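Hi,

Here is the structure I promised to pass on.

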Amino acid sequence: MTIVRITAALGLVFAMLLGGVATATAATPAATAATPAATAATPARAAAGKAAPHGTVEITKVLAWHDDEEREKCPSTVCRLAGVLKPGVLVNGYCWTVGDSVTVHGVINYIWVRISPDDSMPLWVSAAYLVGGKYGTLSADDECPNVS
């Protein structure tokens with residue numbers, strides 16, 4: 001049963017990612033040619049790989065394949081538990097950073113993904129439980145600036 005759920009979730013992810021990538025690529029030129037009023041309406045967004053005013057990068061959807069604990073304020077298992085990201089739920093991934101290690105099935109991962117744009121209360125999830133690679137669906141260039 002678990003394999004069936006994971007396979008179904010991965011199929012959904014790939015379908016969403018393929019559609020999302022095409023949309024994001026097609027929207028990029030329009031975003032750079034946007035009027036000042038349109039740009040002011042989305043201050044949290046930035047060009048891919050460029051830091052936004054609050055210190056994150058272009059938004060990418062991330063998806064957990066297993067329950068992933070959401071931690072408040074820091075990328076660590078000792079930080080306050082804020083909730084649980086459930087499998088199959090797409091959320092925004094803003095950037096990644098190195099934090100405490102998380103081991104899943106013998107694989108160690110130190111990467112944590114920020115899923116909240118709020119600088120006063122950032123939420124972090126371990127990339128070990130995200131679909132994709134080492135950084136979930138974020139790229140290596142999407143590292144968070146100034147994370148302490």
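To start with D68: this residue lies in strand β2 (residues 68-72). Please keep in mind that the model is predicted. D68 is buried yet has no salt bridge, and the nearest side chain of opposite charge, R71, is 7.8 Å away. What the side chain of D68 does reach is the backbone nitrogen of S126, at 3.3 Å. Leaving aside residues up to four places away in sequence, D68 touches G83, V84, L85, V125, S126, Y129 and L130.

Now the sheet. It is open and built from 5 strands in the order β3-β2-β7-β6-β5, with antiparallel pairing. β3 (81-85) and β5 (95-104) stand at the edges with a single partner strand each, so one side of each has no neighbour in the sheet. On average, neighbouring strands are turned by 30 degrees against each other, direction ignored. Strands β6 (residues 107-114) and β7 (residues 123-126) pair over 3 bridges, and V113 stands opposite V125 in β7.

Salt bridges came next: the whole structure has 4. One of them joins the side chains of D67 and K86 (3.4 Å, N to O). D67 lies in the loop between β1 (60-63) and β2, and K86 in the loop between β3 and β4 (90-93), so this pair ties together parts 19 residues apart in sequence. Another links E69 and R71, with the closest N and O atoms 2.4 Å apart; E69 is partly exposed at 37% relative accessible area, while R71 counts as buried at 9%. R80 and E72 also meet in a salt bridge (2.6 Å, N to O); here R80 is exposed at 54% and E72 is buried at 17%.

Best wishes

Note on methods
Residues numbered from 1 in each chain as written. Predicted model: local features only at pLDDT ≥ 70, side-chain atom pairs only at ≥ 80, totals over all residues. Heavy atoms only, no water. Pairing = 2+ DSSP bridges. Helix = DSSP H or I, 4+ residues; strand = E, 2+ residues; numbered from the N terminus. Axes fitted to C-alpha atoms, helices over the stretch in contact; angles between N-to-C directions. Buried < 20%, exposed > 50% of the residue type's maximum accessible area, 1.4 Å probe, protein only. Lys, Arg positive; Asp, Glu negative; His and termini not counted. Polar contact = N/O pair within 3.5 Å; in protein donor to acceptor, adjacent residues only side chain to side chain. Contact = heavy atoms within 4.5 Å.
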